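Please read this report alongside the model, residue by residue.

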Amino acid sequence: MTERTITTPAEISDGVRAFAATLGDGEAQFVPVQPAENAIEDQPFYNVIVAGDGAKPVFGWLIWELTGYWLEAQRHAVLETAEGLKDITPPIDNEAQILFVRDSGWEFDYLNPQPLRKPARHLLTEDRDVRQWAKLADDFDMFKFRHTVFKGDKSEFVIPEGKDHRRMERLQRDYNAAARVALAK
(Lines give C-alpha, C1' and ligand atoms only; values in the text may rest on other atoms or scores of the structure.)
Protein backbone atom coordinates (compact mmCIF):
# COMPACT_ATOMS: atom_id res chain seq x y z
CA MET A 1 0.00 0.00 0.00
CA THR A 2 1.34 3.43 -1.00
CA GLU A 3 1.57 6.06 1.73
CA ARG A 4 -0.39 9.18 0.75
CA THR A 5 -0.64 12.47 2.57
CA ILE A 6 -2.82 15.48 2.05
CA THR A 7 -0.77 18.59 1.34
CA THR A 8 -0.56 21.80 -0.64
CA PRO A 9 -0.69 21.02 -4.38
CA ALA A 10 2.74 21.28 -6.01
CA GLU A 11 1.37 23.26 -8.96
CA ILE A 12 -1.76 24.96 -10.24
CA SER A 13 -2.76 22.12 -12.55
CA ASP A 14 -5.83 21.89 -14.79
CA GLY A 15 -7.58 19.98 -11.98
CA VAL A 16 -6.75 22.71 -9.48
CA ARG A 17 -7.99 25.40 -11.89
CA ALA A 18 -11.26 23.51 -12.46
CA PHE A 19 -11.83 23.09 -8.71
CA ALA A 20 -10.85 26.69 -7.90
CA ALA A 21 -13.36 27.91 -10.49
CA THR A 22 -16.13 26.45 -8.27
CA LEU A 23 -14.89 28.27 -5.15
CA GLY A 24 -15.16 31.92 -4.16
CA ASP A 25 -13.62 34.27 -6.73
CA GLY A 26 -12.47 31.25 -8.75
CA GLU A 27 -8.72 31.79 -9.01
CA ALA A 28 -6.08 29.93 -6.99
CA GLN A 29 -2.80 31.51 -5.97
CA PHE A 30 0.12 30.43 -3.85
CA VAL A 31 0.51 32.43 -0.63
CA PRO A 32 3.65 32.30 1.55
CA VAL A 33 3.29 31.06 5.12
CA GLN A 34 4.79 33.49 7.65
CA PRO A 35 3.39 32.50 11.07
CA ALA A 36 2.76 35.39 13.45
CA GLU A 37 4.41 35.18 16.86
CA ASN A 38 1.23 34.52 18.89
CA ALA A 39 -0.82 32.87 16.14
CA ILE A 40 -2.65 29.66 17.00
CA GLU A 41 -2.53 26.57 14.77
CA ASP A 42 -5.82 25.87 12.97
CA GLN A 43 -7.39 29.21 14.04
CA PRO A 44 -6.92 31.41 10.95
CA PHE A 45 -9.99 33.62 11.52
CA TYR A 46 -8.90 34.69 15.00
CA ASN A 47 -5.26 35.02 13.97
CA VAL A 48 -6.03 37.54 11.22
CA ILE A 49 -8.43 39.61 13.33
CA VAL A 50 -5.84 40.24 16.07
CA ALA A 51 -2.89 40.71 13.69
CA GLY A 52 -3.20 44.50 13.40
CA ASP A 53 -0.37 46.37 11.64
CA GLY A 54 -2.85 47.82 9.14
CA ALA A 55 -3.17 44.47 7.40
CA LYS A 56 -6.61 43.45 6.17
CA PRO A 57 -8.16 39.99 6.70
CA VAL A 58 -8.96 38.17 3.46
CA PHE A 59 -11.35 35.23 3.60
CA GLY A 60 -11.45 32.32 1.21
CA TRP A 61 -10.52 28.71 0.69
CA LEU A 62 -7.36 26.72 1.37
CA ILE A 63 -6.93 23.93 -1.20
CA TRP A 64 -5.37 20.60 -0.26
CA GLU A 65 -4.47 17.67 -2.50
CA LEU A 66 -4.45 13.98 -1.76
CA THR A 67 -2.02 13.39 -4.61
CA GLY A 68 -3.49 11.37 -7.44
CA TYR A 69 -6.90 11.05 -5.81
CA TRP A 70 -8.66 14.34 -5.05
CA LEU A 71 -8.58 17.99 -4.09
CA GLU A 72 -10.50 19.41 -1.16
CA ALA A 73 -10.98 22.86 0.29
CA GLN A 74 -11.53 24.33 3.71
CA ARG A 75 -12.43 27.85 4.77
CA HIS A 76 -9.36 29.90 5.61
CA ALA A 77 -8.16 33.45 6.18
CA VAL A 78 -4.94 35.25 5.28
CA LEU A 79 -3.73 38.83 5.58
CA GLU A 80 -3.40 41.37 2.81
CA THR A 81 -0.40 43.60 3.43
CA ALA A 82 1.38 46.20 1.31
CA GLU A 83 3.63 43.35 0.07
CA GLY A 84 0.69 41.10 -0.86
CA LEU A 85 -1.07 38.17 0.77
CA LYS A 86 0.52 36.15 3.58
CA ASP A 87 -0.73 33.31 5.76
CA ILE A 88 0.07 34.03 9.41
CA THR A 89 -1.47 30.82 10.82
CA PRO A 90 1.17 28.24 11.82
CA PRO A 91 1.16 25.40 9.27
CA ILE A 92 0.13 21.95 10.42
CA ASP A 93 2.69 20.12 8.27
CA ASN A 94 5.42 22.76 7.92
CA GLU A 95 4.15 24.05 4.57
CA ALA A 96 6.13 27.03 3.27
CA GLN A 97 3.19 28.12 1.14
CA ILE A 98 -0.52 27.41 0.78
CA LEU A 99 -2.84 27.42 -2.20
CA PHE A 100 -5.58 29.99 -1.58
CA VAL A 101 -8.75 31.06 -3.38
CA ARG A 102 -10.10 34.44 -2.29
CA ASP A 103 -13.87 34.59 -1.60
CA SER A 104 -14.93 38.26 -1.73
CA GLY A 105 -18.55 37.32 -1.09
CA TRP A 106 -17.97 35.65 2.30
CA GLU A 107 -16.77 36.82 5.71
CA PHE A 108 -16.34 34.97 8.97
CA ASP A 109 -18.86 36.20 11.54
CA TYR A 110 -16.81 36.67 14.71
CA LEU A 111 -19.86 37.59 16.79
CA ASN A 112 -21.86 34.53 15.74
CA PRO A 113 -19.41 31.82 14.64
CA GLN A 114 -20.89 28.71 13.07
CA PRO A 115 -19.42 25.39 11.97
CA LEU A 116 -18.09 25.59 8.42
CA ARG A 117 -19.10 22.99 5.85
CA LYS A 118 -16.50 21.79 3.37
CA PRO A 119 -17.43 21.53 -0.30
CA ALA A 120 -17.44 18.14 -1.98
CA ARG A 121 -14.09 16.82 -3.10
CA HIS A 122 -12.88 17.34 -6.66
CA LEU A 123 -11.75 13.94 -7.94
CA LEU A 124 -8.54 13.65 -9.94
CA THR A 125 -9.35 10.14 -11.14
CA GLU A 126 -12.39 8.25 -12.40
CA ASP A 127 -11.44 5.10 -10.47
CA ARG A 128 -14.59 3.51 -9.01
CA ASP A 129 -12.93 2.64 -5.69
CA VAL A 130 -11.61 6.19 -5.26
CA ARG A 131 -15.09 7.59 -6.04
CA GLN A 132 -16.56 5.37 -3.31
CA TRP A 133 -13.83 6.40 -0.85
CA ALA A 134 -14.43 10.10 -1.62
CA LYS A 135 -18.20 9.70 -1.21
CA LEU A 136 -17.69 8.16 2.22
CA ALA A 137 -15.29 10.99 3.12
CA ASP A 138 -17.96 13.52 2.05
CA ASP A 139 -20.58 11.66 4.12
CA PHE A 140 -18.31 11.69 7.17
CA ASP A 141 -17.58 15.42 6.71
CA MET A 142 -21.33 16.12 6.57
CA PHE A 143 -21.86 14.04 9.72
CA LYS A 144 -19.14 16.04 11.51
CA PHE A 145 -20.67 19.31 10.26
CA ARG A 146 -24.07 18.40 11.72
CA HIS A 147 -22.49 17.52 15.06
CA THR A 148 -20.11 20.48 15.47
CA VAL A 149 -20.94 23.30 17.87
CA PHE A 150 -19.05 26.41 18.85
CA LYS A 151 -18.03 26.92 22.47
CA GLY A 152 -16.43 30.31 22.90
CA ASP A 153 -13.88 30.69 20.12
CA LYS A 154 -13.39 26.94 19.58
CA SER A 155 -15.47 24.37 17.74
CA GLU A 156 -16.23 21.02 19.27
CA PHE A 157 -17.35 17.80 17.63
CA VAL A 158 -20.09 16.43 19.91
CA ILE A 159 -21.62 13.01 19.34
CA PRO A 160 -24.35 11.86 21.69
CA GLU A 161 -24.42 8.21 22.70
CA GLY A 162 -26.87 5.99 20.88
CA LYS A 163 -27.86 5.97 17.23
CA ASP A 164 -25.59 8.84 16.12
CA HIS A 165 -22.59 7.30 17.87
CA ARG A 166 -23.19 3.97 16.12
CA ARG A 167 -23.60 5.80 12.78
CA MET A 168 -20.24 7.53 13.31
CA GLU A 169 -18.56 4.20 14.04
CA ARG A 170 -20.12 2.69 10.90
CA LEU A 171 -19.02 5.69 8.78
CA GLN A 172 -15.46 5.41 10.10
CA ARG A 173 -15.35 1.64 9.50
CA ASP A 174 -16.71 1.98 5.92
CA TYR A 175 -14.36 4.91 5.16
CA ASN A 176 -11.31 2.97 6.41
CA ALA A 177 -12.28 -0.11 4.38
CA ALA A 178 -12.77 1.99 1.21
CA ALA A 179 -9.42 3.73 1.78
CA ARG A 180 -7.62 0.39 2.11
CA VAL A 181 -9.13 -0.82 -1.19
CA ALA A 182 -8.30 2.39 -3.11
CA LEU A 183 -4.79 2.71 -1.68
CA ALA A 184 -3.94 -0.95 -2.38
CA LYS A 185 -3.94 -0.32 -6.15
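Leaving aside its neighbours within four places in sequence, Thr89 is in contact with Val33, Ala39, Ile40, Glu41, Asp42, Gln43, Pro44, Asn47 and His76, where contact means heavy atoms within 4.5 Å. This is a predicted model, in which local features need pLDDT of at least 70 and side-chain atom pairs count only at pLDDT 80 or more, while totals for chains, interfaces and linings use all residues. Residues are numbered from 1 along each chain as its sequence is written, and side-chain values use heavy atoms, with hydrogens and water left out.

Thr89 is found in the loop between β5 (84-86) and β6 (97-102); helices (H or I, at least four residues) and strands (E, at least two) are DSSP runs, numbered from the N terminus. Thr89 counts as buried because its relative accessibility is 5%, given that buried means under 20% relative accessible area, exposed over 50%, and partly exposed in between, with a 1.4 Å probe and protein chains only. The side chain of Thr89 is also joined to that of Asn47 by a polar contact of 3.0 Å. A polar contact is a pair of N or O atoms within 3.5 Å; within protein, one must be able to donate a hydrogen and the other to accept it, and residues adjacent in sequence count only if both atoms are side-chain atoms.

**Aromatic rings**

Rings of Phe, Tyr and Trp (its six-membered ring) pair if their centres lie within 6.5 Å, and planes under 30 degrees apart count as stacked, over 60 as edge-to-face and the rest as tilted.

Phe45 counts as buried at 7% relative accessibility, and Phe108 counts as buried at 6%. In the other pair, Phe59 lies in strand β3 (residues 56-66) and Tyr110 in the loop between β6 and β7, so the pair ties together parts that are 51 residues apart in sequence. Phe59 is buried, with a relative accessible area of 9%, whereas Tyr110 counts as partly exposed at 22% relative accessibility.

Phe45, Phe59, Phe108 and Tyr110 are among the members of one aromatic cluster, which also includes Tyr46 and Trp106. The charged end of Arg75 sits over the ring of Trp106, 4.0 Å from its centre; a charge sits over a ring if NZ of Lys or CZ of Arg is within 6 Å of the ring centre and within 35 degrees of the ring normal.

**Cavity and pocket**

The whole structure holds one cavity of 30 Å³ or more, and about 130 Å³ of space lies in the largest cavity. On a 1 Å grid over the protein atoms alone, a cavity is a set of points where a 1.4 Å probe fits but cannot get out, and a pocket is an open set with protein on both sides within 12 Å along at least five of seven lines; lining residues have an atom within 4 Å of a point. Grid points are joined across faces, edges and corners, and a volume is the space filled by probe spheres set on the points. Of the 14 residues that line the largest cavity, Leu62, Trp64, His76, Pro90 and Ile92 lie nearest its centre, and the elements that give two or more residues to this lining are β3 and β4 (70-81).

The second largest pocket contains about 270 Å³ of space. Its lining has 16 residues, and the closest to its centre are Ala36, Asn47, Val50, Ala51 and Ile88. The elements α2 and β4 give two or more residues to the lining of this pocket, and the largest share, three residues, comes from α2.

**Loop residues**

Asp42, in the loop between β2 and α2, has a phi near 65°, a positive value in a residue other than glycine, and is partly exposed, with a relative accessible area of 47%. Asn94, found in the loop between β5 and β6, has a positive phi of about 60° although it is not a glycine, and counts as exposed at 70% relative accessibility.

Thr22 lies in the loop between α1 (14-20) and β2 (28-32) and counts as exposed at 60% relative accessibility. A polar atom of the side chain of Thr22 lies 2.6 Å from the backbone oxygen of Phe19.
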